[in-house]
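Student: I would like a close look at one part of this protein. Please take me through its strands and what surrounds them.

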Amino acid sequence: MADDLKDLYDAIVLGGGPAGLTAALYLARARYRVLVVEKEKFGGQITITADVVNYPGVERGSGEAITKTMRQQAINFGAEFLVAEATSLDVKGDIKTVHTSAGDRKAFGLIVATGAQPRTVGFKGEEEFKGHGVAYCATCDGEFFTGLDVFVVGGGLAAAEESGFLTKYARHVTILVRDAAMNVPASALQAVEANDKITVLYNTEIVELTGDDTPRALRYKNNKTGEETSYAPPAGETFGVFVFAGYVPSTAIVKGLVELDERGYVVTDPATLATNAPGVYAAGDVRPKVLRQMVTATADGAIAGTELERDIAALQEKTGLVPKMPVREVDPSATSQAPAPATAADVVGTSGFFTDDIKAQLNTVFPRMEKPLVLRAVLDAQPVSTELQGFLSELAGLSGGKLSVDVVTGQAAIDLGGLTPRVDIMRDGTDTGLSFGGVPGGHEFNSFVLGLYNAAGPGQPLDDATRARIAAIAKPTDIRILVSLSCTMCPETVLSSQRIASLNPKVTARAYDLSHFPALREQYNVMSVPCILIDDQEPHFGKKSLPQMLDLLEG
Ligand SMILES: Cc1cc2nc3c(=O)[nH]c(=O)nc-3n(C[C@H](O)[C@H](O)[C@H](O)COP(=O)(O)OP(=O)(O)OC[C@H]3O[C@@H](n4cnc5c(N)ncnc54)[C@H](O)[C@@H]3O)c2cc1C
């Protein structure tokens, strides 16, 4: 067998949302070797939703919790996972190649389950105020608009549901619907209409958003009558514009390889979900359908997985190659699988900081760390310093000697400089440049643990080209990532920046939980997280994969 086929998979699933996780579950249960490649966060789009009530079998749950169970089910049957971006594909022939940011992977068959991403509307000011007043994720950015007015652009279910969520923070929410009606089920419309903090304006589109550092005025018009209305908040205030205007399919990676429809969705056989490329299937939001929901995504995953089994069996027989299932049942190690994302509830337990579940996950990461690390806790007199110290001590206690804590306070902390309280990750007596300001719990727990693994080595796998790009950064570069612990988009950006810093001593990547550093928020006028500051220049916003972060640094 050729060397590069020793690690052959039966199937590779591109995308770890509900469709991809379900496809992996079905394939692994049928004893096929399957790898799920996910570039950001297992669980996909639904992880930004706190309250799902329409997924059958689950009365009520967060998107994060539901998809965590899906992933665990796939793990239980032996599915493997890789946190990496699939960058291009070779789909011709019996064995397909997926080029990823962590190297190439090969398989008999592929399932494209790359989902969709938010659509921008293109109104004047949208681009300019992105991150400073224009946002696309209510769970991530809603709290920045506490007590302020918010406009929502969109007329679908996401606009209706997220508007309700935003009323938890906003003084008032005005939904601007381009059409004469909202395109939502009656129950969702009733909820909107019954909420006295929500106003709906139909046939309405934004003309222009203007302001200084943040929005100060909005002009919108009735597209039937042409009548324009100007809005300005009370003097000195700003306001927010949340865009929920549908999604565009994430199909750049398969463009030119499989047939796409005029809107960019992957065309599939309606019964089997096969594309026009043999051995390549598509599932979930990435394909044309009338209802884009979890229930249809998981159904697609099950169909595509089952259909692909037939192709795999035929190719195994034709080639004589039978990929071996991994011997271990569960391996949530950072080398091939990121530990399942933790939630605040997971991390902060009642009898200490870590639940048994989290401790079990940590037990799979700590033994793999090559070098011991010192967690330098640079503390001050704030109560959060005590919390950070307790958190780090308990973490070190669980690490089997891989971590120790060095507490720095008083004049010594002042002499070190920098913001406090924070934890600096030290290796061989030197600052690695990775640090976290505040307590790295909530959604940041996962990125913090992977940061430790990356700092200690060997770290998450990376292809040679990406390593070379990281090594080529020649000038000292300071990256600061401003996050909130409830932000689902932030961990990816923190992880990417800190992976770069872990490999290049010229780069530092320091994350700060904004709730403990309000001065940073004010200084940079941050109304969206993650906010990325590179060498204190113009901020960038949004989640960034490793290649995207390198693009930013190189650009
Ligand atoms: C705000 C909001 C609220 C919602 N509420 C509900 C609800 O209440 N109930 C419900 O049923 N549905 C809801 N939905 C819809 C539901 O989230 C989607 O239908 C579902 O997530 C689609 O699943 P998917 O697996 O097809 O795609 P996605 O969930 O989009 O997952 C695709 C995955 O592929 C990854 N990916 C993309 N490109 C690459 C690449 N090149 N390499 C590696 N990985 C890649 C992405 O990072 C992503 O994780 C909601 C959606 C949103 C946005």
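In which sense do strand β9 and strand β15 pair, and over how many bridges?

Tutor: A caution to begin with: this is a predicted model. Strand β9 covers residues 149-153, and strand β15 covers residues 239-243. The two pair in the parallel sense, over 5 bridges.

β9 and β15 belong to an open sheet of 5 strands. The order is β8-β15-β9-β10-β11, and the pairing is parallel. At the edges stand β8 (134-135) and β11 (198-201). Each has a single partner strand, so one side of each is left without a neighbour in the sheet. In a regular strand, side chains alternate between the two faces of the sheet.

Strand β9 spans residues 149-153, and V152 is among the residues that touch the most other members of the largest nonpolar core. That core has 88 residues. F391, L395, L403, F448, L482 and I500 share this standing with V152. Helix α11 (residues 444-456) gives the most to this core, with 7 residues. Take F448 as a case. Leaving aside residues up to four places away in sequence, F448 touches F391, L392, L395, V423, I425, F436 and P440. Apart from this core lies another, of 37 residues, including A113, A283, A297 and L308.

Next, the antiparallel strands. β12 (residues 204-211) pairs with β13 (residues 215-222) in the antiparallel sense, over 7 bridges. T204 stands opposite N222 in β13. A hairpin through 3 residues joins β12 to β13. β13 also runs antiparallel to β14 (residues 228-231), joined by 4 bridges. There Y220 has T229 of β14 as its bridge partner. β13 and β14 form a hairpin as well, with 5 residues between them. In that turn, G226 has a positive phi of about 80°.

Finish with helix α6, residues 294-319. T298 is in α6. Its relative accessibility is 9%, so T298 counts as buried. T298 touches P18, T22, Y55 and M70, not counting residues up to four places away in sequence. V295 is also found in α6, but V295 is partly exposed, with a relative accessible area of 35%. With V290 and L291, V295 makes a nonpolar surface patch of about 310 Å².

Definitions and conventions: Residues numbered from 1 in each chain as written. Predicted model: local features only at pLDDT ≥ 70, side-chain atom pairs only at ≥ 80, totals over all residues. Heavy atoms only, no water. Patch = residues over 30% accessible without salt bridge, like charges linked within 9 Å, V, L, I, M, F, W, Y side chains within 5 Å. Areas by Shrake-Rupley, 256 points an atom, 1.4 Å probe, with all protein chains shown as cover. Salt bridge = Lys/Arg side-chain N within 4 Å of Asp/Glu carboxyl O. Buried < 20%, exposed > 50% of the residue type's maximum accessible area, 1.4 Å probe, protein only. Core = buried A, V, L, I, M, F, W, Y, C linked by side-chain atoms within 4.5 Å. Contact = heavy atoms within 4.5 Å. Pairing = 2+ DSSP bridges.
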